[in-house]
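Morning, everyone. Let me put the model up, and then we go through it quickly.

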Amino acid sequence: MKSPYLLKVIISLNVLVTLGWFLSGNTPWFSFMLDNFLISWTGLEEGRFWTLLTSAFSHSSLFHLMINMYVLFGFGIVLHQLLGPAAFLNFYLISGISGSFMHALMSKLFIGEPGMPALGASGAIAGIVLLFSLSFPREKLLLMGLIPIRAGWAAVLIISLDLWGLIAQTKGGGLPIGHGAHLGGALMGIIWYFAIRNKKENQVKPPL
(Lines give C-alpha, C1' and ligand atoms only; values in the text may rest on other atoms or scores of the structure.)
Protein backbone atom coordinates (compact mmCIF):
# COMPACT_ATOMS: atom_id res chain seq x y z
CA MET A 1 0.00 0.00 0.00
CA LYS A 2 1.38 3.38 -1.00
CA SER A 3 2.37 5.67 1.87
CA PRO A 4 -0.02 8.66 2.07
CA TYR A 5 1.52 12.11 1.65
CA LEU A 6 -0.07 13.25 4.93
CA LEU A 7 1.78 10.59 6.92
CA LYS A 8 5.05 11.72 5.38
CA VAL A 9 4.32 15.31 6.43
CA ILE A 10 3.48 14.32 10.03
CA ILE A 11 6.59 12.16 10.32
CA SER A 12 8.74 14.94 8.83
CA LEU A 13 7.43 17.46 11.36
CA ASN A 14 8.24 15.09 14.22
CA VAL A 15 11.75 14.61 12.85
CA LEU A 16 12.32 18.36 12.41
CA VAL A 17 11.20 19.26 15.94
CA THR A 18 13.32 16.47 17.41
CA LEU A 19 16.26 17.69 15.37
CA GLY A 20 15.70 21.09 16.99
CA TRP A 21 16.43 19.52 20.40
CA PHE A 22 19.59 17.85 19.14
CA LEU A 23 20.93 21.06 17.59
CA SER A 24 20.00 23.42 20.43
CA GLY A 25 22.78 22.39 22.82
CA ASN A 26 23.48 25.06 25.42
CA THR A 27 22.37 27.89 23.15
CA PRO A 28 19.43 30.29 23.65
CA TRP A 29 17.56 28.03 21.24
CA PHE A 30 17.44 25.39 24.02
CA SER A 31 15.44 27.75 26.24
CA PHE A 32 13.06 28.32 23.34
CA MET A 33 12.56 24.56 22.97
CA LEU A 34 11.95 24.20 26.72
CA ASP A 35 9.29 26.92 26.69
CA ASN A 36 7.52 25.85 23.51
CA PHE A 37 7.85 22.08 23.05
CA LEU A 38 7.25 20.66 26.53
CA ILE A 39 3.84 20.20 28.15
CA SER A 40 3.16 20.62 31.86
CA TRP A 41 0.36 21.95 34.02
CA THR A 42 2.63 24.77 35.13
CA GLY A 43 3.21 25.73 31.51
CA LEU A 44 -0.55 25.82 30.89
CA GLU A 45 -1.05 28.01 33.96
CA GLU A 46 1.56 30.35 32.51
CA GLY A 47 -0.48 30.59 29.31
CA ARG A 48 1.54 28.37 26.99
CA PHE A 49 -1.52 26.55 25.65
CA TRP A 50 0.11 25.87 22.29
CA THR A 51 2.37 23.31 23.98
CA LEU A 52 -0.66 20.99 24.10
CA LEU A 53 0.00 20.50 20.38
CA THR A 54 3.68 21.32 19.87
CA SER A 55 4.84 18.89 22.56
CA ALA A 56 3.11 16.10 20.62
CA PHE A 57 5.60 16.63 17.76
CA SER A 58 8.60 16.66 20.07
CA HIS A 59 10.93 13.82 21.13
CA SER A 60 14.02 13.85 23.32
CA SER A 61 15.65 10.70 21.96
CA LEU A 62 16.10 8.99 18.62
CA PHE A 63 14.73 5.72 20.01
CA HIS A 64 11.52 7.41 21.23
CA LEU A 65 11.06 9.06 17.85
CA MET A 66 11.70 5.87 15.87
CA ILE A 67 9.28 3.74 17.90
CA ASN A 68 6.47 6.29 17.65
CA MET A 69 6.96 6.91 13.94
CA TYR A 70 7.17 3.18 13.21
CA VAL A 71 3.81 2.58 14.91
CA LEU A 72 2.32 5.66 13.26
CA PHE A 73 3.41 4.46 9.83
CA GLY A 74 2.15 0.90 10.35
CA PHE A 75 -1.29 1.71 11.73
CA GLY A 76 -1.66 5.12 10.12
CA ILE A 77 -1.78 3.79 6.56
CA VAL A 78 -4.87 1.73 7.39
CA LEU A 79 -6.64 4.47 9.35
CA HIS A 80 -5.82 7.08 6.71
CA GLN A 81 -7.65 4.89 4.19
CA LEU A 82 -10.52 4.25 6.63
CA LEU A 83 -11.08 7.88 7.66
CA GLY A 84 -9.81 9.90 4.75
CA PRO A 85 -7.01 12.50 5.00
CA ALA A 86 -8.97 15.35 6.62
CA ALA A 87 -10.59 13.20 9.30
CA PHE A 88 -7.33 11.35 9.95
CA LEU A 89 -5.46 14.63 10.47
CA ASN A 90 -8.15 15.92 12.83
CA PHE A 91 -8.08 12.68 14.77
CA TYR A 92 -4.29 12.66 15.03
CA LEU A 93 -4.10 16.25 16.25
CA ILE A 94 -6.98 15.93 18.71
CA SER A 95 -5.56 12.69 20.12
CA GLY A 96 -2.19 14.39 20.58
CA ILE A 97 -3.79 17.34 22.37
CA SER A 98 -5.90 15.02 24.52
CA GLY A 99 -2.79 13.06 25.50
CA SER A 100 -0.87 16.23 26.39
CA PHE A 101 -3.72 17.61 28.48
CA MET A 102 -4.26 14.33 30.31
CA HIS A 103 -0.56 14.15 31.23
CA ALA A 104 -0.67 17.67 32.63
CA LEU A 105 -3.91 17.03 34.51
CA MET A 106 -2.77 13.70 36.00
CA SER A 107 0.55 15.23 37.03
CA LYS A 108 -1.29 18.02 38.83
CA LEU A 109 -4.12 16.06 40.46
CA PHE A 110 -2.72 12.61 41.18
CA ILE A 111 1.08 12.72 41.05
CA GLY A 112 1.34 16.08 42.79
CA GLU A 113 3.95 17.48 40.41
CA PRO A 114 2.32 20.15 38.24
CA GLY A 115 5.69 21.12 36.78
CA MET A 116 6.42 17.61 35.48
CA PRO A 117 7.23 18.08 31.78
CA ALA A 118 6.50 15.64 28.98
CA LEU A 119 6.91 15.44 25.25
CA GLY A 120 6.27 12.96 22.47
CA ALA A 121 3.65 11.75 20.02
CA SER A 122 2.72 8.86 22.32
CA GLY A 123 -0.75 10.25 23.06
CA ALA A 124 -1.59 10.53 19.38
CA ILE A 125 -0.07 7.09 18.74
CA ALA A 126 -2.12 5.55 21.55
CA GLY A 127 -5.25 7.01 19.98
CA ILE A 128 -4.33 5.51 16.62
CA VAL A 129 -3.65 2.07 18.09
CA LEU A 130 -6.93 2.07 20.02
CA LEU A 131 -8.99 3.22 17.05
CA PHE A 132 -7.40 0.54 14.87
CA SER A 133 -7.89 -2.15 17.52
CA LEU A 134 -11.56 -1.33 18.01
CA SER A 135 -12.18 -1.05 14.27
CA PHE A 136 -10.41 -4.34 13.48
CA PRO A 137 -10.54 -6.32 16.76
CA ARG A 138 -9.79 -9.69 15.13
CA GLU A 139 -6.63 -8.55 13.37
CA LYS A 140 -3.47 -10.21 14.64
CA LEU A 141 -0.77 -7.98 16.14
CA LEU A 142 2.68 -8.93 17.35
CA LEU A 143 3.09 -7.77 20.94
CA MET A 144 6.68 -6.65 21.51
CA GLY A 145 7.25 -7.80 17.93
CA LEU A 146 7.06 -11.45 19.05
CA ILE A 147 3.80 -12.50 20.71
CA PRO A 148 0.72 -12.80 18.44
CA ILE A 149 -2.43 -11.29 19.94
CA ARG A 150 -5.75 -10.12 18.56
CA ALA A 151 -6.02 -6.34 18.28
CA GLY A 152 -9.05 -6.17 20.59
CA TRP A 153 -7.18 -7.90 23.41
CA ALA A 154 -4.11 -5.79 22.72
CA ALA A 155 -6.21 -2.67 23.33
CA VAL A 156 -7.38 -4.03 26.70
CA LEU A 157 -3.82 -4.93 27.66
CA ILE A 158 -2.42 -1.53 26.66
CA ILE A 159 -5.01 0.38 28.69
CA SER A 160 -4.54 -1.94 31.68
CA LEU A 161 -0.77 -1.47 31.67
CA ASP A 162 -1.07 2.31 31.47
CA LEU A 163 -3.61 2.38 34.30
CA TRP A 164 -1.28 0.22 36.40
CA GLY A 165 1.67 2.45 35.54
CA LEU A 166 -0.23 5.63 36.39
CA ILE A 167 -1.33 4.22 39.74
CA ALA A 168 2.27 3.25 40.50
CA GLN A 169 3.40 6.80 39.69
CA THR A 170 0.83 8.27 42.08
CA LYS A 171 2.51 6.22 44.82
CA GLY A 172 5.98 7.48 43.95
CA GLY A 173 7.03 4.48 41.86
CA GLY A 174 6.62 3.37 38.29
CA LEU A 175 8.66 4.12 35.21
CA PRO A 176 9.37 7.54 33.62
CA ILE A 177 6.65 6.95 31.02
CA GLY A 178 3.78 9.28 30.15
CA HIS A 179 0.98 6.91 31.13
CA GLY A 180 -1.42 9.82 31.48
CA ALA A 181 -0.67 10.90 27.91
CA HIS A 182 -1.22 7.35 26.65
CA LEU A 183 -4.57 7.16 28.41
CA GLY A 184 -5.63 10.55 27.10
CA GLY A 185 -4.91 9.52 23.52
CA ALA A 186 -6.52 6.10 24.03
CA LEU A 187 -9.66 7.77 25.37
CA MET A 188 -9.91 9.83 22.21
CA GLY A 189 -9.49 6.67 20.11
CA ILE A 190 -12.43 5.09 21.95
CA ILE A 191 -14.60 8.18 21.58
CA TRP A 192 -13.76 8.48 17.87
CA TYR A 193 -14.59 4.82 17.26
CA PHE A 194 -18.07 5.11 18.76
CA ALA A 195 -18.67 8.41 16.95
CA ILE A 196 -17.83 6.73 13.63
CA ARG A 197 -19.99 3.71 14.41
CA ASN A 198 -22.98 5.82 15.39
CA LYS A 199 -22.60 7.90 12.25
CA LYS A 200 -22.60 4.80 10.06
CA GLU A 201 -25.63 3.37 11.87
CA ASN A 202 -27.56 6.61 11.36
CA GLN A 203 -26.67 6.63 7.66
CA VAL A 204 -28.22 3.21 7.05
CA LYS A 205 -31.43 3.79 8.99
CA PRO A 206 -34.46 3.82 6.66
CA PRO A 207 -36.53 7.02 6.59
CA LEU A 208 -39.69 7.02 8.71
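Start at Phe194. Its relative accessibility is 36%, so Phe194 counts as partly exposed. For the cut-offs, buried is under 20% relative accessible area, exposed is over 50%, and partly exposed is in between, with a 1.4 Å probe and protein chains only.

Phe194 also pairs with Tyr193, edge-to-face, at 5.1 Å centre to centre and 70° between the planes. Rings of Phe, Tyr and Trp (its six-membered ring) pair if their centres lie within 6.5 Å; planes under 30 degrees apart are stacked, over 60 edge-to-face, and the rest tilted. The structure holds nine aromatic pairs. Elsewhere, Trp29, Phe32 and Phe37 make up one aromatic cluster.

A word on the source. This is a predicted model: local features need pLDDT of at least 70, side-chain atom pairs count only at pLDDT 80 or more, and totals for chains, interfaces and linings use all residues. Residues are numbered from 1 along each chain as its sequence is written, and side-chain values use heavy atoms, leaving out hydrogens and water.

Now the fold. The protein has nine helices and two strands. These are DSSP runs: helices are H or I with at least four residues, strands E with at least two, numbered from the N terminus. The order is α-α-α-α-α-α-α-β-β-α-α.

Next, packing. Of the 208 residues, 45% count as buried. Among contacts with a separation of 6 or more, 69% come from residues 24 or more positions apart. Contact means heavy atoms within 4.5 Å.

Finally, dimensions. The C-alpha atoms fill a box of roughly 60 × 45 × 40 Å along the principal axes.
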